[in-house]
Amino acid sequence: MHPRHFLEDFVEPSVNEWAIQPLSARHAIIALGEIDNLAEHFIQHINPTVQRIGPERDALGFALHELAIARDVHDTHKHGALSRKTATITQGQKPKKSRRGGAFSDGFSSGFDIGTPALVVTDDNQQTHYVDDVIEKAMEYWRVEIAKLIS
């Protein structure tokens, strides 16, 4: 399937469904999974004879860290713990509710939390990534790259 069609038929609808429920970990994982799936369609389109897709996937993750995050969330959801050397999320970390620009203490200060509710995923280095930022940057990247394709 052409990457443009995959983007339109699978990625954009899953991202739109997540946007309706941006605090749903399930919708976030589905959207990140489709963003990640697009990578293989893209790679195979630009290089149909590629033998090993892993290094190509790694290169995309180095080009845009948010693609690496989407890949790792998708792969840990599908496989559990990861041993891939380039993985930054290896223990099956899932998106969790947090707050942007405030504090969140589950159960301790109910009703007193400040900031905007958001989903985050934490990598192995304990760096927090807001899911909406990951999705937005990944989608921006794919739209630009797919627009460059001739056919």
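## Helix packing

In this predicted model, the crossing of α1 and α5 is left-handed, meaning that the near helix is turned anticlockwise from the far one by less than a right angle. Helix α1 (residues 3–20) and helix α5 (residues 131–147) pack at an angle of about 160 degrees, their axes lying 12 Å apart. The two helices are therefore roughly antiparallel to each other, a term for angles over 145 degrees.

## Confidence

The protein chain has an average pLDDT (the predictor's confidence in each residue, from 0 to 100) of 87, and 86% of the residues score at least 70. Confidence is highest in α1, at a mean of 97, and lowest in strand β1 (residues 96–103), at 82.

## Lining of the largest pocket

Helices α2 (25–46), α3 (53–63) and α4 (65–79) each contribute at least two residues to the lining of the largest pocket. The lining residues comprise 8 nonpolar, 4 polar and 6 charged.

## Basis of the values

Residues are numbered from 1 along each chain as its sequence is written, and side-chain values use heavy atoms, without hydrogens and water. Local features need pLDDT of at least 70 and side-chain atom pairs count only at pLDDT 80 or more, whereas totals for chains, interfaces and linings use all residues.

How values were computed:
Helices (H or I, at least four residues) and strands (E, at least two) are DSSP runs, numbered from the N terminus. Ala, Val, Leu, Ile, Met, Phe, Trp, Tyr, Cys and Pro count as nonpolar, Asp, Glu, Lys and Arg as charged, and the others, Gly among them, as polar. Axes are lines fitted to C-alpha atoms, for helices over the stretch in contact, and angles run from 0 to 180 degrees between N-to-C directions. Angles under 35 degrees count as roughly parallel, over 145 as roughly antiparallel, 65 to 115 as roughly perpendicular and the rest as oblique.
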